[in-house]
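Me: I would like to learn how to read side-chain features in a protein model, one kind of feature at a time. Could you take me through them, giving the general idea and then the case at hand?

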Amino acid sequence: IFLAAGSWNEVIPLLPDFLGELVVRRSLAFWSGLVFAAQSFAAIFMQPFWGRLGDRVGRKPMVLRAGFCLAAIYFLMSVCRRPWELALLRFLNGALTGFIPGSYALIATNTPEDLAGRYVATAQSASAIGGLAGPVIGTSLASLMGLRWSLRLSAAVVFGATLLVLVFVREEQRPVPQPEAGYLADLYPAAKHPCMPPVLLVAFLGAAVNPAIQPILPLHLVGLRGTLTPWLRGAIYSLPGLAFVLTALIWTRLGEKRTRLRVMYWGLVGTSISLLILASAGSLRFFVLFYFLLGIFLASLGPNAAAHMAEEIPPDLRGRSYGLWQAANTFGSFVGPLLAGALGSFLDLSWVFASMGLLTAVGAGILTLSFRGKKRPSARFNA
């Protein structure tokens, strides 16, 4: 999961420069938007499909299919010569892959039930750490060996990670054959599970925050400080990821002692407060402090949501559930930049932080309806 997430995020910073080699400058913005949107659009609809199929034929075959497809797509991206080829491959990237949600479902159904939540939360943390390391590795490799060879190396990394799954990972709990149903009818049992609405809400909000902030962050930082050195800007960008690495395990263990929903509620409240303070931050030091704090609260969301599904959802629905969860994450990362772009065009940039703060506050209010009357978990995690 770490290798797959790292290679995935290694590619993202390279795409604008890669497009610059394929198109004339006046059409760069159009093709850049299309290339980024194509992957998200396809993933929103196809991730639940692959999760559904995994619940029928097995989760390990879905992980292998996704890994080998992703490796092939990265290699083909390294040899494409036209912008429409890159856009098509990005669409296939979203449509055919699903290595990480498939891995979550595989872990959740093939580990001891009383510890499945902890293991899935650990896997989600590995994904986040890979996402943190990927852009740094990608830009470094591109400067050393060029964009195309960096993409080929990403393909090799994913291929190697998939081979590791093929050789070393066993799926002992195979799905029980079920009667064939339509696509939506098959997703309905997972979507209607009481666990899913709050988890999908948290996934959408958590995934929307950083993609909404990052496009306007350079301009906002210039407004606070003026010109920033590249290393300082890079260090500020990495703060939420660093906070995640340092605190995700703490939040996960706290979710074992309290309830996952309550911890996610605290995370949304803290995220909302941090964003509202960031909107009014008047100095760079003050901004940096609360931007790091924002990362700490965001770290409570993903691992506990992944663990909550592993603990609450029956094994035969977990593939579909993680597919729906990944689709909600993708939808959030798709909507966040659109909202930021619209607000940043007509209002002051600080309104991007304020609007996301208000949105997460509303989400926290809705989430309280999900855990009223919930009891604290038993002492099964004392070890």
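Reply: Let us begin with charged pairs: a salt bridge is a side-chain nitrogen of Lys or Arg within 4 Å of a carboxyl oxygen of Asp or Glu. This is a predicted model, in which local features need pLDDT of at least 70 and side-chain atom pairs count only at pLDDT 80 or more, while totals for chains, interfaces and linings use all residues. Residues are numbered from 1 along each chain as its sequence is written, and side-chain values use heavy atoms, with hydrogens and water left out.

Me: How many salt bridges does a search of the whole structure find?

Reply: The search finds eight salt bridges. In one of them, the side chains of glutamate 311 and arginine 260 meet at 2.8 Å, N to O. Helices (H or I, at least four residues) and strands (E, at least two) are DSSP runs, numbered from the N terminus; glutamate 311 belongs to helix 16 (residues 301-312) and arginine 260 to helix 14 (residues 260-280), so that this pair links distant parts of the chain, 51 residues apart.

Me: Are glutamate 311 and arginine 260 buried or exposed?

Reply: Buried means under 20% relative accessible area, exposed over 50%, and partly exposed in between (1.4 Å probe, protein chains only). On that scale glutamate 311 and arginine 260 are buried. Salt bridges that share partners also join Asp55, Arg59 and Arg320 into one network.

Me: What is the distance between the side chains of aspartate 55 and arginine 320?

Reply: They meet in a salt bridge of 2.8 Å, N to O. Because aspartate 55 lies in helix 3 (residues 28-57) and arginine 320 in helix 17, the pair ties together parts that are 265 residues apart in sequence. Both aspartate 55 and arginine 320 are buried. Another salt bridge joins the side chains of arginine 174 and glutamate 171 at 3.3 Å, N to O, and glutamate 171 is buried, with a relative accessible area of 11%.

Me: How should I read aromatic pairs, and how many does the structure hold?

Reply: A pair of aromatic rings is described by the distance of the centres and the angle of the planes. Rings of Phe, Tyr and Trp (its six-membered ring) pair if their centres lie within 6.5 Å, and planes under 30 degrees apart count as stacked, over 60 as edge-to-face and the rest as tilted. The structure holds eleven aromatic pairs. For tyrosine 104 and tryptophan 325, the ring centres are 5.5 Å apart and the planes stand at 45°, so the pair is tilted. The pair links distant parts of the chain, with tyrosine 104 in helix 6 (residues 99-109) and tryptophan 325 in helix 17 (residues 318-346), 221 residues apart. Tyrosine 104 and tryptophan 325 are buried.

Me: At what angle do the planes of phenylalanine 287 and phenylalanine 353 stand?

Reply: Their planes are at 85° and their centres 5.7 Å apart, so the pair is edge-to-face. Here phenylalanine 287 in helix 15 (residues 284-298) is linked with phenylalanine 353 in helix 18 (residues 350-371), 66 residues apart. Phenylalanine 287 is buried, with a relative accessible area of 0%, and phenylalanine 353 is also buried, at 0%. Elsewhere, ring pairs link Tyr104, Tyr322 and Trp325 into a cluster.

Me: How many residues of helix 6 are buried?

Reply: Ten of its eleven residues are buried, so to read helix 6 is to read an element that is mostly covered. Among the buried residues are Phe99, Pro101, Tyr104 and Leu106.

Me: Which charged residue sits over the ring of tryptophan 50?

Reply: A charge sits over a ring if NZ of Lys or CZ of Arg is within 6 Å of the ring centre and within 35 degrees of the ring normal. The charged end of arginine 65 sits over the ring of tryptophan 50, 3.6 Å from its centre. Arginine 152 lies over the face of tryptophan 149, at 4.7 Å from the ring centre.

Me: How many disulfides are counted?

Reply: A disulfide is a covalent bond between the sulfur atoms of two cysteines. With a disulfide taken as a pair of cysteine sulfur atoms within 2.5 Å, the count comes to zero. Cysteine 80 is buried, with a relative accessible area of 4%, and cysteine 195 is buried, also at 4%.
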